[in-house]
Amino acid sequence: MSKNIKKVLCLTLAVAMTGSLFTACGKKSEKKDAATLEPMTEDEITLTYQLWEDGPIAKSLTKEWNDLYPNITVNVNETTTGENNQNLTSYMGTSQMPDVFWVLGTPDFAIRNGMLANMAFMWEADKDTQNVIGGINEYKLGYLGTEGKWTTPVKFFPTEAWLNMNYFKKNNFDMPSTDWTFEDLEKCVEDVTIDNQGSGWGISEAVTVITWYPIAANADCIGEFGWNGKEFDLTDWADGMMIEKGWRENGQKAPGNMVGMPGYEDGGDQRYPQDEGLVAMRWDNWWCWERYWDKDEMYTKQVYWVPYVLPHTSDNDSDTYFATMDFGGIYSGTDNPREAYEVLKFFCWGSQGWQFKISKRDEIIASVVGNDELASASGLAPGPINNCPITTDEEIWKAYEAKHPTTEAGGDTVGKEKYDIDRAPYFDAFFEKVRTSKWTCYGSAQIPGFDTWLADNYNSATLYDGAAGVEAWVFDNGGDPYEKVQALTEAANATNKELLDTISAVLE
């Protein structure tokens, strides 16, 4: 175990036992009031902030930051998703290591390398953290099964069912209630499927029912594969597998592309059923709205998407939902952890940064046009509001909703005038659920060892009679998922415990 991780884990133990904040084990310590954040430094300092995709947004925000903290320079280092984690590993212990950074997917590599500082004391002393989306505090996202908070959500993309209003209208189907149950959803998928030959499918999935069903069916579940915050139970996962199998076998689930479909013989691999208006329902994430759905090419094809929360079963009154969340952290070796925490807050989840992103959205997008120096390394156009606010600040949410076809925006004037539709009731209902419900993230970001278990067990090419993982074994080889519940559950819990034991050994 590296020296850095020992230092950071010792810090965690000190905070947990005494409520005090120490700069590092073995160094001079200073006791702080557990309810107060220490003041920001008045010294001239420079901090480096590494992220992906949002370089133009962060660079725009530095102007606002400088007005608040003229003595603290923030250098934005945008990388790509493919290079982010590798760069962090390479920079570790050098002057290139950023003070603040995003972590792509699993934080296991950062834990093992001792990269992450414990921000629990600052997070728990900051009154603004009580006004964040439900689930972050309740499910201790970023604590990774310990007493310390190592990461925190920096971007929040709810997972939802997108329904194509025109598919329902032109085929004379009623739109389901926004207050639906999982049983309602199942019936909808069955009822609105026309055939499996290109006329119309009930559902298309980027996020599958295999992932969602354990939360849909079990009020104690707060993560993938029946994760309840302490352990896995794949019983409901097996039920989800059978639902998925039924959708596939009954021709209710759309293929990934239009290859072989009538009229798509040439270029079918580049055309997607949901984009062609041939799917009633698409399970995906919130980024779809700004990146794909709210585009002229969709409207030209008369494809009009509206969001619904993924529903729970009728006997489950849980208000927990899934979201894709990107996480960020603070470098354990930074000389300025308090200021680094403020960078993470201002640029990612705090109300001040969000106020700027919403009010200056059009300016930020326009700033990169014809300006290669400001353009994102990802090649993507800036999306200042393509994720939902993490803060629950009422004024921020009013401003955010006003940028969408909602009542807050004065109604769906564009939809009514141009397309003879009214999307406001659906967006209103969706945003109400987002603001008032609890949200959890997928397994990689919150469960130590999760990706290792996926690779070594769930997706193993040697454990399932030659099939490339358990899903292929069920769907292609006719395997019974219930036969694998116990073995997969035990392996998942053992892998998680192994990594937690590694951390605990240092604390002891």
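## Helix α8 and its burial

Helix α8, which spans residues 209-217, is mostly covered, since 8 of its 9 residues are buried, where buried stands for a relative accessible area under 20%, exposed for one over 50%, and partly exposed for values in between, computed with a 1.4 Å probe on protein chains only. The buried residues of α8 are Val209, Ile210, Thr211, Trp212, Tyr213, Pro214, Ile215 and Ala216. Helices (H or I, at least four residues) and strands (E, at least two) are DSSP runs and are numbered from the N terminus.

The model is a predicted one, in which local features need pLDDT of at least 70 and side-chain atom pairs count only at pLDDT 80 or more, whereas totals for chains, interfaces and linings use all residues. Residues are numbered from 1 along each chain as its sequence is written, and side-chain values use heavy atoms, with hydrogens and water left out.

Helix α9 (residues 235-249) has 15 residues, and the distance from its first C-alpha to its last is 22 Å, close to the 21 Å expected at 1.5 Å a residue; the expected span is 1.5 Å times one less than the number of residues. The buried residues of α9 are Asp236, Trp237, Ala238, Gly240, Met241, Ile243, Glu244, Lys245, Gly246 and Trp247. Gly251, which follows α9, has a positive phi near 70 degrees.

Met258 is found in the loop between α9 and β8 (281-285), and it counts as buried because its relative accessibility is 0%. Leaving aside neighbours within four places in sequence, Met258 is in contact, meaning heavy atoms within 4.5 Å, with Trp201, Tyr264, Gly268, Arg271, Tyr272, Pro273 and Leu278. The C-alpha atoms of Met258 and Glu276 are separated by 9.3 Å, with the two residues 18 residues apart along the chain.

## Ser204 in strand β7

Ser204 has its place in strand β7 (residues 204-205), and with a relative accessible area of 2% it is buried. When neighbours within four places in sequence are left aside, the residues in contact with Ser204 are Ala254, Gln274, Val279, Met281, Arg282 and Trp283.

The axes of helix α2 (residues 55-68) and helix α12 (residues 337-349) come within 11 Å and cross at roughly 125 degrees, where axes are lines fitted to C-alpha atoms, for helices over the stretch in contact, and angles run from 0 to 180 degrees between N-to-C directions. The helices α2 and α12 are therefore oblique to each other, given that angles under 35 degrees count as roughly parallel, over 145 as roughly antiparallel, 65 to 115 as roughly perpendicular and the rest as oblique.

The axes of α2 and helix α13 (residues 351-359) come within 10 Å and cross at roughly 125 degrees, which makes α2 oblique to α13. In this right-handed crossing of α2 past α13, the contact is made by Ile57, Ser60, Leu61, Glu64 and Leu68 of α2 and by Gln352, Gly353, Phe356 and Lys357 of α13. The residues of the α2 and α13 contact divide into 4 nonpolar, 3 polar and 2 charged.

## Phe347 in helix α12

Phe347 lies in helix α12 and, at 6% relative accessibility, counts as buried. Apart from neighbours within four places in sequence, Phe347 is in contact with Tyr49, Ala58, Leu61, Thr62, Trp65, Val74 and Lys357. Phe347 and Lys357 are 10 residues apart in sequence, and their C-alpha atoms are 9.5 Å apart in space.

Glu53, although not a glycine, has a positive phi of about 65 degrees; it lies in the loop between β3 (45-52) and α2 and is partly exposed, with a relative accessible area of 21%. Asp420, also a residue other than glycine, has a positive phi near 60 degrees. The loop that holds Asp420 runs between α16 (413-419) and α17 (424-436), and at 57% relative accessibility Asp420 counts as exposed.

Terms used: A crossing is left-handed if the near helix is turned anticlockwise from the far one by less than a right angle, and right-handed if clockwise. Ala, Val, Leu, Ile, Met, Phe, Trp, Tyr, Cys and Pro count as nonpolar, Asp, Glu, Lys and Arg as charged, and the others, Gly among them, as polar.
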